[in-house]
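Visitor: Please take one part of this model and look at it closely. I would like the strand pairing and the charged contacts around it.

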Amino acid sequence: MPIETIYRDSQCEWVDVEAPSAEDLKFLHERYEINNLLLEDTLDPNHLPKYEQDGDVKFFLLRESTELERKNLNTISDISTKIGIFLLGRTIITIHRMKTKSLSETKKQVSQLTTEITSEKIALKIALLIMKSFDDESISLFETMDNIENEIFLKNTNHTNQIKRLYKLKRKSGLNSRVLTISTDAIDKFKLLDLQDSETFDLKDKHKDVVADFEHLNIQITNLISMFLALSDQKANQVMKVLAIYSVYFLPITFIAGVYGMNFDNMPELHHKNGYFFTLGLMALVVVCTFIYARRKQW
């Protein structure tokens, strides 16, 4: 996508670059004298959030949570996408590899303004919307976790699919939490911009709230996994208990059947006219006594 000027007034010029090519980065380097190393950082899909300053250029690299469903959740690029923000006096340059909600919403808000705005305030709006993307993601993950919890404890489902969903949820939550933790330094550096203290405090508070939400979510998911495994063990123990009780019933009558099945000639019961019925009655009596004993022991 070509380099596009989103907004321009007497105080600010906003230049946006989506999926930059090598020629785009060369133009930005020559036109705005931005260090090539900083521009290259915007190409690395797994680059961590950070803040750097090179002369008059202030560079924020932030990551926004995405709604992409990746099969493998191994890196931070599987749950987020980076946004590079360059501040050069009255000029702000944003570089990103895909469309993002934060930039789209900021463009919409800026286009509706009736007064002029500074580049620092545009950067602040983008950062606030980035934090909101993580807030929305935490709400979505909490809802997913609640649904899984209801299926486990209310609907009494114990399929192996549940543990896979919980593991995926834990991976996604952990990666989001990692991105937010690493973003702390970059968020703190907004105090260096020409902004009111209340505006930077609002951004910090939003960041702290989202970090706390994901920490709580990580704990809840870990506890739910532990409870799920404990419940699975309990159900397995119940099955073993039933099998053990049946074995208690059948062990004595199997022993009786085995003894009388030997057919030795010196066993007088073999020739008794009612021996078969006496043996069946003895087996039934053993089963009844075993049942009464098990009930009293509350097995």
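Guide: A salt bridge here is a side-chain nitrogen of Lys or Arg within 4 Å of a carboxyl oxygen of Asp or Glu. K99 and E18 form one, with their closest N and O atoms 3.5 Å apart. The pair joins distant parts of the chain, 81 residues apart: E18 lies in strand 2, and K99 lies in the loop between strand 6 and helix 3. Keep in mind that the model is predicted.

K99 counts as exposed because its relative accessibility is 61%. E18 has a relative accessible area of 13%, so E18 is buried.

Now follow E18 to strand 6. E18 stands opposite H96 in that strand. Strand 2 (residues 13-18) pairs with strand 6 in the parallel sense, over 6 bridges. Strand 5 (residues 80-88) also pairs with strand 6, in the antiparallel sense and over 6 bridges. There, I85 has T94 as its bridge partner. The hairpin of strand 5 and strand 6 has 2 residues between the strands, and G89 takes a positive phi near 65°.

How enclosed is strand 6? Residues 91-96 make up the strand, and 6 of the 6 are buried, so the rest of the structure largely encloses it. Both faces are covered. T91, I93 and I95 are buried on one side, and I92, T94 and H96 on the other.

How values were computed
Residues numbered from 1 in each chain as written. Predicted model: local features only at pLDDT ≥ 70, side-chain atom pairs only at ≥ 80, totals over all residues. Heavy atoms only, no water. Buried < 20%, exposed > 50% of the residue type's maximum accessible area, 1.4 Å probe, protein only. Helix = DSSP H or I, 4+ residues; strand = E, 2+ residues; numbered from the N terminus. Pairing = 2+ DSSP bridges.
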